Amino acid sequence: MKKLSFVAAIAAATVATPAMAQDLDIYAGGIVGYDSVEVDAGGVSESSDDVMYGIVAGADYQINNTFFIGLEGEYSDSSVSEDAVILGDDYSLKADRNLYVGARFGGALAAGTKVYVKGGYSNFKVSGYVSPEDLDTDFKASDDLDGWVIGAGVEQSITDKFRVRAEYRYTDYGDTELFGFDTGLETSRHQGVVGVLYSF
């Protein structure tokens, strides 16, 4: 009897595994879009914008015929930079690579169309230098900023394997440290991206 129960359990697991695999959508693709990095100093803010680009990969699990949940990771870079002269000294800041990992939840709006919200963790590398007016030496430094991300988007299937995405996300990195001290600046960013994804 125990042997029959063991065989039945294995058979049930064998049937369940392909069914679960059918509910799992693993995908990867490329993204490009608008990137605006904002720095706030005591209520006075300055922003710079340019192009961002990167790659994204993730997996969605279909909860039922309508809703899904998923995990996602992203690597991106940006062309955003800002130059300034403060009290005669030249400053330059550049947005470098950004890492993101998070979760998303959404549902089917219509045939082939999905909408979703997302949130997670971001690690943003900022590099910069300062060139003092009275010195011939440039001081260079970089810092990793940790922040949280919220966003929303829509995806539209164009074939069984390919779909396109349009997404907005906001990231808050809090206080910025650079050159070994707290600058007192708060950094955030707005991004609007589009992408093409392939399901494996």
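Residues are numbered from 1 along each chain as its sequence is written, and side-chain values use heavy atoms, with hydrogens and water left out. Because the model is predicted, local features need pLDDT of at least 70 and side-chain atom pairs count only at pLDDT 80 or more, while totals for chains, interfaces and linings use all residues.

We can begin with the charged pairs. A salt bridge is taken as a side-chain nitrogen of Lys or Arg within 4 Å of a carboxyl oxygen of Asp or Glu, and by this rule the count comes to 15. One of them joins Arg 165 to Glu 72, with the closest N and O atoms 2.8 Å apart. The two partners are 93 residues apart, Arg 165 sitting in strand S8 (residues 162–178) and Glu 72 in strand S3 (residues 67–78); strands (E, at least two residues) are DSSP runs, numbered from the N terminus. Arg 165 and Glu 72 are both buried, that is, under 20% relative accessible area with a 1.4 Å probe and protein chains only.

Strand S8 also supplies Glu 167, whose partner Lys 118 lies in strand S6 (residues 113–131), so this pair ties together parts that are 49 residues apart in sequence. The N to O distance here is 3.1 Å, and Lys 118 and Glu 167 are again both buried. A further salt bridge, at 2.7 Å from N to O, links Arg 163 and Glu 155. Arg 163 counts as buried because its relative accessibility is 6%, and Glu 155 is buried with a relative accessible area of 1%. Through shared partners, these residues belong to one network of salt bridges, whose members include Asp 25, Glu 72, Lys 118, Glu 155, Arg 163, Arg 165 and Glu 167.

Ser 199 is buried, at 8% relative accessible area.

Turning to the nonpolar side chains, the largest core has seven residues: Val 37, Val 80, Ala 95, Phe 124, Val 126, Leu 145 and Tyr 173. Such a core is a set of buried Ala, Val, Leu, Ile, Met, Phe, Trp, Tyr and Cys residues joined through side-chain atoms within 4.5 Å. A second, separate core of six residues includes Tyr 27, Ile 31, Met 52 and Leu 197.

Technical notes:
Helix = DSSP H or I, 4+ residues; strand = E, 2+ residues; numbered from the N terminus. Buried < 20%, exposed > 50% of the residue type's maximum accessible area, 1.4 Å probe, protein only.
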